[in-house]
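Subject: Handover of a structure and a summary of what was found

Dear colleague,

Please find the structure below, together with its sequence.

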There are 2 protein chains.
Amino acid sequence: MKNILLILSGCGVYDGSEIYESTFTMLAIEENGASFTCCAPDVQQAHVINHLTGETEPGSRSVLTESARLARGKIAPLEKVHAKDFDALIIPGGFGSAKNLCNFAFAGNQCTVNSDVERLICEFHQAKKPMGFLCIAPVIVAKVLGKKGVCVTIGNDKTTATAIESFGAKHQDCTVESIVVDTTHRVVTTPAYMLGKNMLEVRRGIAKAVEKVLDLS
Amino acid sequence: MKNILLILSGCGVYDGSEIYESTFTMLAIEENGASFTCCAPDVQQAHVINHLTGETEPGSRSVLTESARLARGKIAPLEKVHAKDFDALIIPGGFGSAKNLCNFAFAGNQCTVNSDVERLICEFHQAKKPMGFLCIAPVIVAKVLGKKGVCVTIGNDKTTATAIESFGAKHQDCTVESIVVDTTHRVVTTPAYMLGKNMLEVRRGIAKAVEKVLDLS
């Protein structure tokens with residue numbers, strides 16, 4: 001049975017992994033007869049957002065501990081996982097992917113990527129294993145593999161697309177129910193909640209992305 | 001379009017709403033052409049569980065604020081919602097439903113139910129509008145409508161079934177992919193993660209429960 005590594009970034013759209021995107025990814029993996037393993041970096045969240053008010057809350061939360069909520073407790077520290085043990089990698093969206101896995105949400109085209117996230121992406125790339133990135137998460141692979149000319153989508157947001165192209169990557173506009181496939185670099189991306197207006201269309205785009213990642217593995 | 005009220009109890013299986021059950025409920029509602037509105041009580045969680053270690057963490061979190069993570073910010077205080085504005089009610093499981101909506105997880109058959117949760121269940125019951133309860137959440141309706149002889153399932157756990165029957169309610173064993181329907185009281189229940197071994201079977205049971213709740217409305 002193929003096993004897909006998921007990198008989570010917390011639990012909740014505004015400071016962690018987008019919950020529906022993550023759940024739909026896991027569901028699509030099981031629907032395709034594969035399994036998944038969750039991991040997350042053992043670092044503190046960039047901040048905690050009150051999801052009711054949108055305001056920053058006092059206090060600090062661990063990305064690994066909060067991600068464990070989304071994994072029903074079964075999660076590994078990202079620092080200890082390696083591409084050799086998995087068939088593919090998928091990173092769901094949510095602001096956490098742009099705040100905790102890299103700092104794109106704060107630094108834009110000057111962003112840096114968490115060193116272990118970068119290491120894993122490079123390991124999967126070198127092993128020619130496929131990778132999927134949802135919603136805003138494609139900025140991470142665009143930064144890491146930009147100089148190789150990787151092609152991704154985040155939907156049609158011009159500012160983000162311009163930042164992606166500043167890394168050397170290519171951006172292709174895409175609708176929420178579609179995917180962009182870079183067959184050379186084995187990278188699959190879909191806009192998800194960058195464009196999604198309801199669960200059904202987000203679910204369809206993610207199901208296509210997961211199926212393609214599994215096809216390529 | 002029919003609108004279903006969902007009562008959430010936090011965000012995470014051990015101290016809040018079970019994330020996959022809640023997401024699958026919302027997805028099934030949209031798949032059936034209906035919409036949902038989330039609410040949660042504006043009270044503090046019974047406690048905060050570290051989902052990585054299973055241990056109680058220091059600090060306090062709001063049920064409403066944490067539930068907002070599961071609702072992408074769109075959530076109402078349960079205290080301000082009324083059955084007259086909705087076609088049906090569904091309460092997903094997770095320990096939060098047995099810790100924050102009632103105290104069954106701590107008090108067993110001596111439990112009490114949050115007064116606004118009880119008020120809402122009575123309002124839906126009196127209006128002859130259907131209700132669905134997933135996983136451990138059926139203990140809530142068993143407590144509130146037990147003296148009327150409501151029939152529910154939580155799967156096949158004997159201790160919980162005995163507590164349910166101590167309220168005057170009936171318990172019927174049920175598999176994870178099936179549902180129990182009390183047509184007299186318009187109450188639909190399914191075991192979900194009380195028995196679920198994977199997402200696929202939990203998803204199927206919940207899809208059947210949501211479809212039946214919509215049929216009855």
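The following paragraphs describe the contact between the chains and then the sheet in each chain.

Please bear in mind that this is a predicted model.

The contact between the chains

How many residues does each chain bring to the contact? Chain A contributes 37 residues, and chain B likewise contributes 37 residues. The size of an interface is often given as the accessible area lost when the parts come together. Here, about 3300 Å² is buried between chain A and chain B, and carbon and sulfur atoms account for 59% of that area.

Charged side chains also meet across this boundary: 6 salt bridges are counted between chain A and chain B. One of them links A:R61 with B:E66, where the distance from N to O is 3.0 Å. Between chain A and chain B there are also 16 residue pairs in polar contact, counting pairs in which both residues have pLDDT 80 or more.

Which elements of chain A supply the side that touches chain B? At least two residues come from each of α1 (19-31), β3 (48-49), α2 (63-70) and α8 (199-216) of chain A. Of these, α1(A) gives the most, with 8 residues. By type, the residues on this side of chain A comprise 20 nonpolar, 7 polar and 10 charged.

The sheet in chain A

Chain A contains an open sheet of 7 strands in the order β5-β2-β1-β6-β7-β11-β10, with mixed pairing. At its edges are β5 (76-77) and β10 (180-182) of chain A, each of which pairs on one side only. Within the sheet, strands β7 (residues 131-134) and β11 (residues 187-190) of chain A run parallel and are joined by 4 bridges. In this pairing, A:M131 stands opposite A:V187 of β11(A).

Helix α8(A) lies across β1, β6, β7, β10 and β11 of chain A and runs at about 175° to β11(A).

The sheet in chain B

In chain B, 7 strands form an open sheet with mixed pairing, ordered β5-β2-β1-β6-β7-β11-β10. Its edge strands are β5 (76-77) and β10 (180-182) of chain B. Strands β1 (residues 3-7) and β2 (residues 35-40) of chain B run parallel, with 5 bridges between them. There, B:L5 has B:T37 in β2(B) as its bridge partner. Helix α1 (residues 19-31) of chain B packs on the sheet, and its direction makes about 150° with that of β2(B).

Yours sincerely,
A colleague

Technical notes
Residues numbered from 1 in each chain as written. Chains lettered and ligands numbered in written order. Predicted model: local features only at pLDDT ≥ 70, side-chain atom pairs only at ≥ 80, totals over all residues. Heavy atoms only, no water. Contact = heavy atoms within 4.5 Å. Buried area = accessible area lost by both parts, 1.4 Å probe. Salt bridge = Lys/Arg side-chain N within 4 Å of Asp/Glu carboxyl O. Polar contact = N/O pair within 3.5 Å; in protein donor to acceptor, adjacent residues only side chain to side chain. Nonpolar A, V, L, I, M, F, W, Y, C, P; charged D, E, K, R; others polar. Pairing = 2+ DSSP bridges. Axes fitted to C-alpha atoms, helices over the stretch in contact; angles between N-to-C directions.
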